[in-house]
Amino acid sequence: MGRNRTAGQNPLISGLYAITEARLMPEPVFLARAEAALRGGARILQYRDKGDVVAEAPRRRRQAGALRELCAQYNALFVVNDDPLLAQAIGAPALHVGAEDAPLAALRGQLGRAILIGVSCYGSVQQAQEAAARGADYVAFGSFFASPSKPLAPVVSMDVLTAARAVIELPIVAIGGITEANGGALIAAGADALAVISGVFAAEDVEGAARRFTALFGDRKE
């Protein structure tokens with residue numbers, strides 16, 4: 001699995017990329033489990049919440065702000081999923097969007113150049129190349145396996161990682177149904193980071209699960 005980084009890559013996008021699901025548990029438990037993931041070595045933490053953006057704005061802002069502070073304590077990158085206004089409101093250092101969402105030029109105009117922006121490209125290397133040309137900071141592919149959070153998502157071949165690595169110098173994130181058993185194959189195929197939801201946050205021992213995912217990157221050369 002060891003391989004050298006491409007020169008153009010951002011070292012912030014590397015390792016375990018833990019994605020939260022805030023609505024599935026009480027807030028104190030949610031925050032405690034997020035911190036456990038960070039203790040276990042998560043390098044990136046994404047706030048993913050599918051609640052009503054307007055009606056639940058106070059809760060979302062409170063939780064995102066708390067996670068941002070936790071990430072700062074653990075020297076991890078904090079990412080807001082799919083909500084530019086929330087990212088702007090709390091000064092998030094990174095935002096993740098879908099390829100069909102707001103154009104990157106508009107997001108840059110709204111949020112500035114300092115914020116990192118990642119783009120989901122599903123199974124399309126062409127979409128990833130277009131995102132890179134428009135100024136994305138990283139691209140994501142998947143789902144690679146059946147995923148509890150997106151059970152109807154099409155399954156993507158791991159070959160897309162190898163194909164993307166050959167033509168894109170941005171960091172590449174793999175997402176979708178990733179487990180400790182299959183994560184190593186995704187890293188070998190070209191993934192710089194593994195985005196994991198239930199494999200970490202649904203685990204009985206969140207910190208232990210995060211450590212095991214982190215260990216998959218142990219022999220990769222930075």
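Predicted model: local features only at pLDDT ≥ 70, side-chain atom pairs only at ≥ 80, totals over all residues.
Visitor: What pLDDT does the chain average?
Guide: The average is 90. At least 70 is scored by 91% of the residues.

Visitor: Where does pLDDT stay under 50?
Guide: Over residues 1-8. The model has 27 contacts beyond four places in sequence for that stretch.

Visitor: On to strands. Which strand do bridges join to S6?
Guide: Strand S7, residues 172-175, is joined by 3 bridges to S6, residues 138-141. The two run parallel. Ala-140 stands opposite Val-173 in S7.

Visitor: And how many bridges join S7 to S8?
Guide: There are 3, and S7 and S8 run parallel. S8 covers residues 193-196. Here Ile-175 stands opposite Ala-195.

Visitor: Which helix does the chain pass through from S7 to S8?
Guide: Helix H7, residues 183-189. This β-α-β crossover is right-handed.

Visitor: New topic. How many aromatic pairs?
Guide: The count comes to 2. In one, the rings of Tyr-17 and Tyr-138 have centres 6.1 Å apart. Their planes sit at 70°, so the pair is edge-to-face.

Visitor: Where in the chain are Tyr-17 and Tyr-138?
Guide: Tyr-17 is in strand S1, residues 15-19, and Tyr-138 is in strand S6.

Visitor: Are Tyr-17 and Tyr-138 buried or exposed?
Guide: Both are buried.

Visitor: Why is the pair of Phe-30 and Tyr-47 called tilted?
Guide: Because the planes of their rings are at 55°. The centres are 6.3 Å apart. Phe-30 lies in helix H1, and Tyr-47 in strand S2, so the pair ties together parts 17 residues apart in sequence. Both Phe-30 and Tyr-47 are buried.

Conventions. Residues numbered from 1 in each chain as written. Heavy atoms only, no water. Pairing = 2+ DSSP bridges. Helix = DSSP H or I, 4+ residues; strand = E, 2+ residues; numbered from the N terminus. Right-handed = clockwise from strand over helix to strand, strands pointing away. pLDDT = per-residue confidence, 0-100. Contact = heavy atoms within 4.5 Å. Phe/Tyr/Trp six-rings, centres within 6.5 Å; stacked < 30°, edge-to-face > 60°. Buried < 20%, exposed > 50% of the residue type's maximum accessible area, 1.4 Å probe, protein only.
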